[in-house]
Structure formats: structure tokens, C-alpha cells
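Hi there,

Here is the structure I promised to send over. Have a look at it first, and then read on for what turned up.

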Amino acid sequence: MRKLLICLLAMLTMIMPVAAAQEMAADTTILAKMMAVEKIIYGSEQTGALIERLARMEKDIFGQEQKEALLTRLDKLYGYTCVTTAAAPSFVTSLNAVEWTLTHSVSGDAGKARIESVERLMLGNAQTGTLDERLKRLSRLAYGDSHPTVNQVTVMKDTLVKIKIVTPLDTRKSRPGDIVTFTAAEDVYVDGVLVIARGALGTGKVTKVEPAKNFGRDAKLEVTFDAIQAVDNATVDTILGDKAKEETKSLAKAAGATVAGLAILGPVGVVGGAFVQGKEITIPAGSELYIQTKSEMDIYGIKVK
């Protein structure tokens, strides 16, 4: 009996942490879904109790609070907002399709702000109603009685993406850890399907800064270009690889070596040798270069060709 009790205690000791970990994982999933939807609709995570935040989103999107269990409601809201299938594009995919069709660009702003911006552009002022109703109204304006066709395609590794720097870089001011933002400067297609739209937001990070030194030694700047958003809101991992460097060099050469005021040199991820020797590196906002996809990835895109 004593041995049996010892075994039971040992089993409980092992099971309890697992149960606690599973409960924590479930909570993390709930929070992650909540934050993902809030970021799309409002641009950032909101404050307050989860039930209040969920109710607010339901009212803004659908006009009324739902009556089901919290987890069921959140799953439905997350699926509607974030999950695209061939039969049913998500809210964010539909918004990207409408905004791109009407303006040939997408914005990294919050969903509410984007809808208002397109309404002002196309209709003269922001409209009333739920976000779902307003997006459907804009979709009818863009597509008539039809709707955007969504296809799943494979974006191959090393697909080039031309980008435009949003965060200015300067070896006198930039510091390791600084977030670098950029946008897609051109659309990216796969077999006539738009997978990354012009204006799509990307992020990277400054990893190393060496200011200019005596004896004409150039400043050095290491920057990673980590990811960019696809049309279906998937995160596409990217790098500044050799293929992208060569394309950027060609871009600079065609423009008289003035594109981004720099040459892409050294190992992957290093931006160096700008301007003249011994000078600091200055890369202003609006500078263009190429990056490339890090790996093969399946993405839902918009059929446009």
C-alpha cells in the first residue's frame, strides 16, 4: 500500500505541471487571438477585461454582442478576421483586396482607419454602420456584384521583394536593437496571383553600428530585414541575401549609383560603404533596395492577372 501511495504521489507530481502548462498554453492562445484581432481592427492591443474587449469588437464589426461561450465567440471572430480559405477570404484579406483594387496600394494602418480612408477617397466622407457592412459596401464598389477571387499559391524561396525604407538609418543616431520599418515598393505576383501588395508593411532590426573612424575607415551598419506581410496577413520571413544584393547593385547602377545612397557589401545583412570613405552611413526614408524570401511558403493571394 505504501509503495502504491508513493507511486500515486509521483504520478500526481508529474501530471500537475503538465496540466498547468496546458492551461497556460490555452490562455496564451486566447490572448494571442485577441491581440491579433485587435491589432488588425484597432492597430494595437486594447486594455480591459477580455469579455469587454471581445464585446466591443463584436459590436464594431457585427453591430451586436454575441451570446455564445467566450471561447466560441473568440474563435468565430478570429476566423472571420484572420483566417482565409479559398471559399471565404478573411476580413483583412478582403480589406487588402478592396484597398489595393481601388488605390493600387495597401496601408499598414488599423482596419477601422483604412476603411475610413478608402471611404473618404471614394465616397467623400467616412460612412456609418458596422465594419462588416462598410467593407462589403466598398467591395461592391470595387467588384460590383462579384468579389475578389482568392487562390492559394506557393511563394518560392529567394523570391525578390523590392522595398522602400520607412525608418531613416544613420550611424550617428541608429543603435543596435532599433526597429526598422519598410514597405513593399512594388507588387509581388505568383502565376498572376498577388501575394504581397505595394505598401505592405515589413519590419527588421539594427543589429550592429560602427561609426566612421580615423584614417578614412568607413562606418558600418548591420541591419536585418526580417519579415513582411502577405495579402492574407501571413508573415513572410525575409533576408538580405546574395540574390537581393545583386539586384540592388543593378538597381543602383541603373540609377547612377544613387539608389539608397549605398552599396550592399560584405556578408548577408550588412549594409556598408555608403558615400565616401571615412564618412558616416546615412540611408534616408524612401531609399529602395531588394530583399528575398527566406523559405518556400504557401499563401492565399488575390487573382488579378
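A residue is called buried here when its relative accessible area is under 20%. Please keep in mind that this is a predicted model.

Let's start with helix H4, which covers residues 91-103. Because 10 of its 13 residues are buried, H4 is largely enclosed by the rest of the structure. The buried ones are Phe-91, Val-92, Thr-93, Ser-94, Leu-95, Asn-96, Ala-97, Val-98, Glu-99 and Trp-100. From first C-alpha to last, H4 reaches 18 Å, close to the 18 Å expected at 1.5 Å a residue. Just after H4 comes His-104, with a positive phi of about 55°.

Phe-91 also turns up in the largest nonpolar core, which has 63 residues. Together with Ile-41, Val-195, Ile-196, Leu-221, Phe-225 and Ile-228, Phe-91 touches the most other members of that core. Phe-225 is worth a click in your viewer: setting aside neighbours within four places in sequence, its contacts include Ile-163, Ile-165, Phe-182, Leu-240, Leu-289 and Ile-291. Thr-203, Gly-204 and Thr-238 are also among the contacts of Phe-225.

Leu-121, Met-122, Leu-123 and Leu-141 make a nonpolar surface patch of about 350 Å². Helix H5 (residues 111-123) gives the most to this patch, with three residues. Leu-141, in contrast, sits in helix H6 (residues 131-143). With a relative accessible area of 42%, Leu-141 is partly exposed.

Happy to go through any of this with you.

Best wishes

Note on methods
Residues are numbered from 1 along each chain as its sequence is written. This is a predicted model: local features need pLDDT of at least 70, side-chain atom pairs count only at pLDDT 80 or more; totals for chains, interfaces and linings use all residues. Side-chain values use heavy atoms; hydrogens and water are left out. A nonpolar core is a set of buried Ala, Val, Leu, Ile, Met, Phe, Trp, Tyr and Cys residues joined through side-chain atoms within 4.5 Å. Buried means under 20% relative accessible area, exposed over 50%, partly exposed in between (1.4 Å probe, protein chains only). Contact means heavy atoms within 4.5 Å. Patches are made of residues with over 30% relative accessible area and no salt bridge: like charges are joined within 9 Å, nonpolar side chains (Val, Leu, Ile, Met, Phe, Trp, Tyr) within 5 Å. Accessible areas come from the Shrake-Rupley method with a 1.4 Å probe; for residues, only the protein chains shown count as cover. A salt bridge is a side-chain nitrogen of Lys or Arg within 4 Å of a carboxyl oxygen of Asp or Glu. Helices (H or I, at least four residues) and strands (E, at least two) are DSSP runs, numbered from the N terminus. The expected span of a helix is 1.5 Å times one less than its number of residues.
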